[in-house]
Amino acid sequence: MAVSLAKILEALKQHPEMSELVSLENLSRFVNLTSLVRPFMDLAQPDGPLERLPVAIYDFLRVSLELEGDVVKLLWETFRDVIWNIEWNESLQRELGHHYIPYFLKHGQCRGLTFHCFLPPISACFECERNLRGAKEITVPRELVESVPVSVTVFSRDFGPLPATSVSLYCRECHTRYYHNYYVHQNATKRTYYKEQPRYIHSAEHIFIDEQTCEMFTLMMVNAWTSAANCTKIYNESIGKDLFQGLLPAVYSTRMKLDAEIVWNSLFLFWLLRDYQENNLCLELDHNAPSQAARLSTGLTERNLRFIGAGRPHWNHACELCCLVNEEEMTAVRSVVVDGVTHRFCDEHASKDRECCVTTCPQPADLGYRTCSSSEHRALESWVHEENKAMFQLKNCLARLGTVQKADSTAESMLTEEEVEVGLDECEGKPSSGNKSLKARFGRRRTHNEELCVASCGIIIGRATFYGSEAPNGVRLFLKAIFPTKESLPQVIWHDNNCKIKAVLQKDKDMYFQDCAMPVDVFHFKSKHKASDTLCNAECNPVKWKELQTNDGKWRFNSSAAEQANVWFGGYQAMVREMEAVRYDFFLDEMIKQHNRALVQDLEVKGRAPFLIPLDYLLPTSTGV
């Protein structure tokens, strides 16, 4: 029951005859049902209990409880003060939902009463502070301006799809109409969303979806690469499958099934509203846009621009896995890895992705592997991932060159699994003797890729779309966009082609990265670069920097963090392949944001002490991000 038994007994003392007219069960149902229709009563009189129940509510209670009309009136007279003092909230609604929704579907729908009633979250106009809710009957005709009810469908995680009512309210003084999620001035072209994110997202004209469903879809996409179409299928065939639909009137025609378009529009709006709330910003979108997708585009574009470079959440992340801090000397070494992810095959040949990577082998790859069950082919795959055993070879390369480790070349004042080709001649820097006789294609020649900059702990701090190959100049511009000041540059930047990048920097006399160590990551230095390459060994051999190694000779930082992040990030290729450019960028940035948040929580649990470096240290000349 929505109210305590003590208050019920106290009210019965004033009307002892009620104990003879109604059972305790019906009394409990009366209190709960009247509590659930409270939003409709607020429309008629928000400041105190109604003297008489509106006709629609009176009939609804009478039929639902199978009571005489006089008994319903007496019940309201007896308990109206008690009921009006019950604080209506969504927790109460969720608690009572499964038991009382059938009453609304059987007896409330035909009387204009629904289990969900979405009202504006305010009772007074922002500008003139007038009371918006006049003493109007709950079934106000649509043409009246004070309140306009609209039939909608709400999709929730708790109850599946249900018919609902959305009511907008109008301020005659300033000509502003207020809705559940936003308000619009009569002469304005913008809809302004409230800063406090609502539980139910108004994702289309006649569609609401609750934040729990949006959060569920988000987690499915982040953790399992579930497409919007599959989110739709899972919801419709589980939560939304015949939960209450059998109780709906046959003439009810509002859409009761999710589709991919609803899911996408709901998620993009949900992510936008949450982002604006987190940044204390006010979202404004075009009210007269031809479609919800077109309306969202402005907000998505603004967020995309804000996420470039230093505006990305966790851009200034550091922790024990990606940052070596010497508190005594007040120095630090931050480590990031840059790499790209591409499709292995085009759509026409996508089935080949499931074949053994050895180019002469047509057998299917075993589950969890890129090669078939052949021991020779499996050994080749194991060799591809053998990157942490290259220390001896790297030291030999450096020794042959006659170069010694620098004492402290990277410290400054403090305040994958990858898809590669093995056995082919595509990489110029590969040792002339070759490493393997077998030929295996773990990747394709790139036409474009998503370039990631990843801290050695796995936090993604930058992303960009490359058209064409990972040319050295493109990587240079990418890094300068992510780290717009020298103070923001990490002390170590790993990349599989850093020797070519260093050559470009030297040719152009570009000194921007002069204080950064730019080693080739361990695996690529072993397998893809010639031992005779003087520049590569002199400038990019990771063994030359003692800060990159622990006292027991192991690598301090994970130089394969970007390749490992690409394994997760590559799962979205099929989802975004046909996505419009603005949505493409927004979606990938949102997935990275959610992925990073989960990873930071994991780092905290593991005691890796994640923290954010103060922006005024990294961006000393910036006025703010």
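Buried means under 20% relative accessible area, exposed means over 50%, and partly exposed lies in between, with a 1.4 Å probe and protein chains only. I started with Ala609, which counts as partly exposed at 41% relative accessibility. I noted that this is a predicted model, where local features need pLDDT of at least 70, side-chain atom pairs count only at pLDDT 80 or more, and totals for chains, interfaces and linings use all residues. Residues are numbered from 1 along each chain as its sequence is written, and side-chain values use heavy atoms, with hydrogens and water left out.

**Entry: positive phi**

I placed Ala609 in the loop between helix H20 (581-605) and strand S19 (611-612). Helices (H or I, at least four residues) and strands (E, at least two) are DSSP runs, numbered from the N terminus. Ala609 is not a glycine, yet its phi is positive, about 50 degrees. Most residues other than glycine have a negative phi. I then looked up Glu66, also not a glycine, and found a positive phi near 55 degrees. Glu66 sits in the loop between H5 and H6. Glu66 is exposed, with a relative accessible area of 70%.

**Entry: helix H6**

I followed the chain into H6 (residues 69-84), which bends by about 50 degrees at Thr78. The bend at a residue is the angle between axes fitted to the seven residues ending there and the seven starting there. I checked its cover: 12 of the 16 residues of H6 are buried. Among them are Trp76, Thr78, Arg80 and Trp84.

**Entry: partners of H6**

Two packed helices are described by the angle between their axes and the distance between the axes. Axes are lines fitted to C-alpha atoms, for helices over the stretch in contact, and angles run from 0 to 180 degrees between N-to-C directions. I took H5 (residues 55-65) and H6: their axes come within 9 Å and cross at roughly 115 degrees. That makes H5 roughly perpendicular to H6, a term for angles of 65 to 115 degrees. The crossing of H5 and H6 is right-handed: the near helix is turned clockwise from the far one by less than a right angle. Tyr58, Leu61 and Arg62 of H5 meet Gly69, Val72 and Lys73 of H6; contact means heavy atoms within 4.5 Å.

I turned to H3 (residues 24-36). H3 packs on H6 at about 65 degrees, with the axes 11 Å apart. This crossing of H3 and H6 is right-handed. On the H3 side I listed Leu27, Phe30, Val31, Thr34 and Ser35. They meet Val72, Leu75, Trp76, Phe79 and Ile83 in H6.

**Entry: nonpolar cores**

A nonpolar core is a set of buried Ala, Val, Leu, Ile, Met, Phe, Trp, Tyr and Cys residues joined through side-chain atoms within 4.5 Å. Of the 63 residues in the largest core, Phe217, Met221, Trp271 and Phe587 touch the most other members. Helix H10 (residues 260-278) gives the most to this core, with 11 residues. A second, separate core has 55 residues, including Phe30, Leu53, Ile86 and Leu119.

**Entry: Pro542 and H18**

I found Pro542 in the loop between helix H17 (534-539) and helix H18 (561-569). Pro542 is buried, at 0% relative accessible area. Its C-alpha atom is separated by 9.3 Å from that of Trp555, 13 residues apart along the chain. In H18, 7 of the 9 residues are buried, so the helix is largely enclosed by the rest of the structure. Glu563, Asn566 and Trp568 are among the buried ones.

Conventions
Angles under 35 degrees count as roughly parallel, over 145 as roughly antiparallel, 65 to 115 as roughly perpendicular and the rest as oblique.
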